[in-house]
Each structure stands twice: as C-alpha cells, then as structure tokens.
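Thanks, everyone, for making the time this morning. I would like to walk you through one model, beginning with a pair of helices and then stepping back to the chain as a whole.

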Amino acid sequence: MVQKKEIIRLERESVIGVIKPRLIMTLANLIEQSSDRTEFLKLCKRVECTIRAWYLLQFEDLMQLYSLFDPVHGARMLEQQKLDDKEIDVLEQNFLTYLFQVMEKSNFKIADNEEIEVATSGQYLLNLPIVVDESKLDNKLLKKYFEDHPTENIPDFSDKYVIFRRGIGLDKTTNWFFMEKMDIIISRFWKYLLRITKIENFFMKPTFRKRDSESDTDEDDFFVERIRLENMELTPQTLLRMNTIQEPTFDRIIVVYRQATTVEDRPERGIHIKHFKSIPMADLEIVLPEKKNPGLKPMDWLSFIASAVVGLVAVVTSIETSKVDLWVIFAIISTVIGYCAKTYFSFQQNLAQYQNLITQSMYEKQLDSGRGTLLHLCDDVIQQEVKEVIVCFYMLMEQGKATLPDLDRWCEDLIKEQFNDDINFDVDDAVKKLEKLGIVTRDTLGRYSIVGLKRANEVIGITTEEVVLKAKQDAALAPASPAGQGADYR
C-alpha cells in the first residue's frame with residue numbers, strides 16, 4: 001500500500017519528564033564515592049526545601065485570589081469582601097498574572113496560531129465540524145490581560161479562551177474504518193468533479209505557510225509523522241483490511257475561560273480552568289468550551305444537493321425521451337436515496353463517535369479543574385525547578401568549569417543518555433537558580449563552576465524540614481519514663 005507521508009514539525013519541550021525520585025537516585029548511583037553520594041542526596045533535599053520556600057508566598061496569593069473567582073464558591077466570597085467593580089477588575093487581572101507566571105514556570109506554553117492550524121488541519125477520530133458558541137463566552141477578561149501583556153502570534157480566539165499545552169506524545173488506533181474509507185472515496189470523487197469543472201476555484205481556502213523547509217529548520221525542533229486515512233491509497237484490498245492511524249498528542253492541555261454574563265445586574269466573575277491529558281492534535285476541538293451541537297459537514301450538504309440535482313436531471317431526461325424505461329428511473333432514484341441514506345447513517349456514526357469522545361474527555365482525559373489544577377501546577381513548578389537545578393549542578397560537579405552552551409549540551413545529553421528523553425534544557429533558568437542558592441560562581445571568561453558538595457550544603461544551611469525531622473527522631477528514640485515517675489498524688 002502506497003501512502004503519502006505527512007510530517008509535522010514540532011518544537012522540543014523544556015519539561016523534564018522523568019520523575020524526581022528516579023532522577024535523583026540515578027544521578028546519585030553514578031557517583032563513585034559513598035561520602036559524596038550522601039552529601040549529594042542531602043543537597044537534593046535541601047535544594048527542594050529551599051525552592052519550595054521561595055514559591056510559598058506566591059502560591060498562597062494565587063490560591064487566595066482564585067477563591068474569589070472560583071465558579072462554585074467565588075460569588076459568595078466576593079459578596080463577603082464587599083468590593084466594587086474596579087477593585088474586582090484589578091484582582092482578577094492580578095490572578096491572571098500569577099496564573100500565567102506559574103504556567104510558564106511549569107513549561108506550559110500558549111498554543112499559537114501555527115500550532116492551532118497544524119492541529120486542526122487534519123482529522124483523527126473526530127470527523128464532525130465542531131464550532132464554539134462564542135456568545136456564551138466572555139471576551140473582556142482575557143482581552144484586557146493581553147492588552148496589558150502583549151503576546152505574539154496568539155490565536156484570534158484568545159480574547160475568549162486560552163489553550164496552554166505541554167509535552168508531545170503519540171496515539172495509535174487500529175480499526176476497519178469502513179465508513180471513513182467510503183467518505184474519503186466519495187470526497188475524492190467530488191473533488192475530482194470540482195477540479196475538472198473548475199468550480200474548486202470558488203472554494204479554495206488560503207493555506208498557511210508550513211515550516212517544513214530545510215532553511216527554516218531549527219536545532220530545537222523535531223519531527224513526528226501523522227498517519228491518516230486521507231493520505232492512503234485506497235484499493236479494494238485496503239478497503240477490506242484493518243488500518244493503523246497515528247496522531248501526535250498534546251500530553252497536557254489546560255484551557256482557561258470565563259462564561260458570558262447572562263444576568264445584567266450580576267456580572268459573571270467565575271474563571272474556569274480545565275486540565276486534560278493525551279489529547280490528539282487533530283481532535284483538539286473536544287477540549288474547547290461551550291461547543292455547539294455538531295451538524296453535517298459542508299461537503300455532505302454539497303453531496304446532498306448535487307445528488308438531488310443529478311438525480312432530478314436524469315429522471316427528467318428519461319421521461320422526456322420517447323421511450324421511458326421505468327427500470328432506469330428506478331435505478332436512478334434508488335441510487336440517490338441510497339447515497340442520501342449512506343450520508344445520514346455516516347453522520348449518525350460520527351455523532352456517536354463524537355459523543356463517545358466527549359464522554360471520554362470528561363471521565364478519562366480530564367485530570368482536574370479549578371483549585372485542583374492550580375494545586376497540581378504549584379507542585380509541578382517546584383518539581384521542574386528542583387530537577388533543573390539538580391541536573392545542572394551534577395554536570396558541573398562531573399565536568400568542572402563550563403560555558404552556558406557547553407553546559408546546556410551536557411545536560412541535554414545526560415537526560416537523553418540516562419532517561420531517553422530528548423528535551424530542550426533551560427540552562428539559563430537553572431544557572432540563575434544556582435546563583436540564587438549561592439553554590440555556583442562565574443569567572444572572567446564566562447565559565448561557571450560550583451563549590452564543593454560539603455560547602456554547598458553549608459551555604460544552603462539546615463532547613464526547617466530537617467529540624468522538624470530531627471525533633472521527631474529524637475522524640476522517638478527518647479526512653480519512655482518509668483510508670484508513675486514524676487507524678488505526685490499527694
């Protein structure tokens with residue numbers, strides 16, 4: 001079977017996917033001296049405690065602000081605060097500022113125009129046109145934020161909702177795809193008719209510029225193959241064979257939006273935050289807010305009308321001839337009715353598939369929402385920051401002095417070699433945190449080096465968690481007082 005390959009160019013992620021305990025133990029086991037290994041494990045614990053303390057106040061402010069805009073209980077909280085509209089407007093913009101900062105620290109990125117175009121340019125399991133009912137979404141909250149914080153290349157819908165994405169995966173599905181193959185055959189036939197009749201010129205859409213040329217290739221990009229039925233050569237053999245299709249996925253997606261105000265004297269203040277996992281790019285529409293009920297695709301309506309016109313012309317032509325063949329008329333009418341029935345049942349099947357995908361996205365692919373998503377993000381920030389610092393410190397410990405480009409390459413090679421994860425390591429952020437901790441120095445040539453392990457632990461110092469843990473251990477080891485000792489019943 002011959003098929004045209006469709007390659008999607010994607011940007012490498014900065015997120016370190018391996019879990020922190022595995023990362024720490026893997027690096028610790030690479031250290032030969034047991035004393036150094038002990039000091040390294042102590043350093044990792046102190047780094048985590050310190051970074052957690054850095055973000056504590058910011059996370060508390062974030063959660064307190066969200067309590068005012070929680071779609072469930074936020075309205076009651078705002079009433080208790082007795083704030084006017086201007087004060088509420090300032091607070092909600094402060095919340096969005098904190099939220100977007102946390103998103104950035106968690107390596108989430110706003111899906112830009114090109115990514116949305118690539119994602120929606122194909123079909124995977126969702127074969128219905130999905131449209132957002134924009135009248136049910138607020139367009140003031142996010143518009144005000146982006147006016148105060150200009151962002152390049154954001155989609156047109158960003159004044160109503162924002163899609164954050166992180167991580168890339170792959171999803172594969174194997175099935176017979178009978179109805180989908182028939183739809184493709186019919187669609188190719190109609191496109192052929194439109195092309196030979198020159199009518200397709202009226203339906204041509206402007207195409208976006210794909211970044212697939214070698215001149216545009218960036219070292220931080222990688223390529224993923226999208227395997228679709230539309231690119232396969234459909235023959236009698238392939239129609240009766242199971243096929244496997246493949247689609248890149250967004251590993252994590254977070255959607256932020258506000259519903260439109262329905263009661264004039266009670267403006268809507270709730271901010272919705274939805275968290276999803278493993279969403280196929282071509283099925284991105286299933287996570288959109290306030291979706292309209294799907295209907296027939298324009299091609300289906302065109303097929304309906306064209307079939308009716310062709311059938312009517314054929315019947316009239318047969319009747320106008322001197323000899324009317326009833327079997328010919330019956331065959332024409334049967335063909336038209338059969339095709340219309342096929343289109344209707346195909347639509348019903350796609351509708352059932354759509355409902356199944358929506359149910360799946362709600363119960364299987366939706367991780368959390370609202371406060372739960374914020375708590376997950378706060379912890380995720382700490383985990384990512386800690387992992388970046390540990391990897392960067394380890395490489396400087398093993399390699400000695402290094403410039404930023406060399407250190408960046410070493411860290412990426414280490415993660416690729418030890419964990420088979422190809423990432424774009426954020427070396428600038430990691431070095432800044434090492435400097436803030438006071439355990440890295442820079443010479444006049446721009447090369448970075450670390451202090452010794454023992455000295456690094458002394459610089460960071462004993463953390464509150466260590467003090468509490470030692471107190472618990474001392475209390476557990478303290479001998480129990482003899483029965484009645486110290487008691488005076490006189």
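What you see here is a predicted model, and I would start with helix α4, residues 85-105, and helix α11, residues 371-399, whose axes come within 8 Å and cross at roughly 45 degrees. Because of that angle, α4 counts as oblique to α11, and the crossing in which α4 passes α11 is left-handed. On the α4 side the contact is made by Phe95, Leu99, Val102, Met103 and Lys105, while α11 brings Leu374, Leu377, Val381, Gln384 and Glu385. Sorted by class, the contact of α4 with α11 has seven nonpolar residues, one polar residue and two charged ones.

Let me turn to the loops. In the loop between α4 and β2, which spans 109-110, we find asparagine 107, and its phi is near 70 degrees, a positive value in a residue other than glycine. Is asparagine 107 buried or exposed? With a relative accessible area of 10%, asparagine 107 is buried, because the cut-off for that term is under 20%.

Glutamate 290, in the loop between β6 (272-280) and α9 (298-320), also has a positive phi, near 50 degrees, but glutamate 290 is partly exposed, at a relative accessible area of 24%.

Stepping back, the protein chain has 15 helices and nine strands, and 43% of its 490 residues count as buried. Among contacts in the chain with a separation of 6 or more, 79% come from residues 24 or more positions apart. Finally, the chain exposes about 28000 Å², of which carbon and sulfur atoms supply 54%.

Notes
Residues are numbered from 1 along each chain as its sequence is written. This is a predicted model: local features need pLDDT of at least 70, side-chain atom pairs count only at pLDDT 80 or more; totals for chains, interfaces and linings use all residues. Side-chain values use heavy atoms; hydrogens and water are left out. Helices (H or I, at least four residues) and strands (E, at least two) are DSSP runs, numbered from the N terminus. Buried means under 20% relative accessible area, exposed over 50%, partly exposed in between (1.4 Å probe, protein chains only). Contact means heavy atoms within 4.5 Å. Accessible areas come from the Shrake-Rupley method with a 1.4 Å probe; for residues, only the protein chains shown count as cover. Axes are lines fitted to C-alpha atoms, for helices over the stretch in contact, and angles run from 0 to 180 degrees between N-to-C directions. Angles under 35 degrees count as roughly parallel, over 145 as roughly antiparallel, 65 to 115 as roughly perpendicular and the rest as oblique. A crossing is left-handed if the near helix is turned anticlockwise from the far one by less than a right angle, and right-handed if clockwise. Ala, Val, Leu, Ile, Met, Phe, Trp, Tyr, Cys and Pro count as nonpolar, Asp, Glu, Lys and Arg as charged, and the others, Gly among them, as polar.
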